Amino acid sequence: MKTSWRSASLVASAAVVLALTTACGQDGGGATGSQNVGATAAPGDVGDIGAGAGDGIGNGSAKPQGSASAPEPAGKLSVSTNAEIGELVTDGAGHTLYRFDADTAKPPKTTCENDCATAWPPVAADDALAGEGIDKALLGEVTRPDGTKQLTIGGWPAYRYAKDAAAGDAKGQGVGGKWFALAADGKKAKAADQAGLSTREDPKLGEIVVDKNGMTVYRFMKDEAWPKPVSACTGACLEKWPVVAPVEANDTKGVEKKGLMSFTRPDGAAQQTIDCWPIYTFAGDKEAGDTNGQGVGGTWYAVKPDGKPVGAPKK
């Protein structure tokens, strides 16, 4: 994998960090290791984790793309590129195909039946054709318990996800920690290593910062940045809003480096900042691309590349 932004030498990294460790509010950013003396967030400010939860098995409202008893035809398979997942296999209608960790490839075996097969419709093997980027030799089939033939890729039984309503959707990626988009060789689709902090274009929020896993990064409006970072999220608040661990300056992409620093919290943990503002992720965001923390309690907001909160009311 190419990780060009990680290739700077340790000497260069040290120089960058040194340049950023002046006091917050100055051109060079804030001092690493400044202490947090903030108060605990008040009850009700931390939000509800419920949004975005669920394992995707039998709890969706979307109409399934097939059924457990009659797998939907695959059509001409091809390889598509997803910005967050990388290259993955799609069917003739452009729907993402998935594999299930509870299944096996050698020998091919499917374990997703009944309600599971409603949420994850099996892909029929009968009319599957190898399109561009697909090796015909890796296509096969497995007989399901109901006697139908299910497509396999590299030995892995192939499924769709009922919540993928439109071509190109990949909402099933990582669901339950067991469902993953299929790569053309049957392995799990995986994008190149992502920077520790980078940005993505959200259709509603615009350009926002995400962590190395693609999870949205947030700011707490009760925090402070100057003259030093102060986090007002402690105790139970941290269970819902985990801190973002320190990131090297050369392990970022698209994020402004002024005020990009870390500080030490009272509990001894180190936390990353952008423009000297402490940053967090949200436990209610279950998949990369989720923004369930946006606006929670009127105090939590996604972060722009310059550290400013997205959509926060002006003071």
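Modeller: A search of the whole structure finds 2 disulfides. Keep in mind that this is a predicted model.

Colleague: Happy to. What makes C112 and C116 a disulfide?

Modeller: Their sulfur atoms are 2.0 Å apart, and the cut-off is within 2.5 Å, so the pair counts as a disulfide. In general terms, that is a covalent bond between the sulfur atoms of two cysteines.

Colleague: And why is the disulfide of C112 and C116 called left-handed or right-handed?

Modeller: The torsion about its S-S bond is about -110°, so the disulfide of C112 and C116 is left-handed. Both C112 and C116 are buried.

Colleague: How do you know that C233 and C237 form a disulfide?

Modeller: By the distance again: the sulfur atoms of C233 and C237 are 1.9 Å apart, and the limit is 2.5 Å, so they qualify. The torsion about the S-S bond of C233 and C237 is about -110°, so this disulfide is left-handed.

Colleague: Why does C233 count as buried, and why does C237?

Modeller: Buried means under 20% relative accessible area. C233 has 0%, so it is buried; C237 has 3%, so it is buried.

Colleague: On to the rings. How many aromatic pairs are there?

Modeller: The structure holds 13 aromatic pairs. One of them is Y98 with Y161, an edge-to-face pair.

Colleague: What makes Y98 and Y161 edge-to-face?

Modeller: The ring centres are 6.3 Å apart, and a pair needs centres within 6.5 Å. The planes of Y98 and Y161 stand at 75°, and over 60 degrees counts as edge-to-face, so the label follows. The pair links distant parts of the chain, 63 residues apart: Y98 is in strand 3, and Y161 is in the loop between strand 9 and strand 10.

Colleague: Are Y98 and Y161 buried or exposed?

Modeller: Y98 is buried because its relative accessible area is 0%. Y161 has 3%, so Y161 is buried too.

Colleague: Then why is the pair of F220 and W300 called stacked?

Modeller: Their centres lie 4.2 Å apart, with 10° between the planes. Under 30 degrees counts as stacked, so that is the name. F220 in strand 13 and W300 in strand 18 are 80 residues apart, which links distant parts of the chain. With 0% relative accessibility, F220 is buried; W300 is buried with 0% as well.

Colleague: Which residues form the aromatic cluster that includes Y98 and Y161?

Modeller: One cluster is formed by Y98, F100, W120, Y159, Y161 and W179.

Colleague: How do you know that R99 lies over the face of W156?

Modeller: R99 is 3.7 Å from the ring centre of W156, and the distance limit is within 6 Å, alongside an angle limit of 35 degrees from the ring normal. R99 is found over the face of W156. Likewise, the charged end of R219 sits over the ring of W277, 3.8 Å from its centre.

Definitions and conventions:
Residues are numbered from 1 along each chain as its sequence is written. This is a predicted model: local features need pLDDT of at least 70, side-chain atom pairs count only at pLDDT 80 or more; totals for chains, interfaces and linings use all residues. Side-chain values use heavy atoms; hydrogens and water are left out. Buried means under 20% relative accessible area, exposed over 50%, partly exposed in between (1.4 Å probe, protein chains only). Rings of Phe, Tyr and Trp (its six-membered ring) pair if their centres lie within 6.5 Å; planes under 30 degrees apart count as stacked, over 60 as edge-to-face and the rest as tilted. Helices (H or I, at least four residues) and strands (E, at least two) are DSSP runs, numbered from the N terminus.
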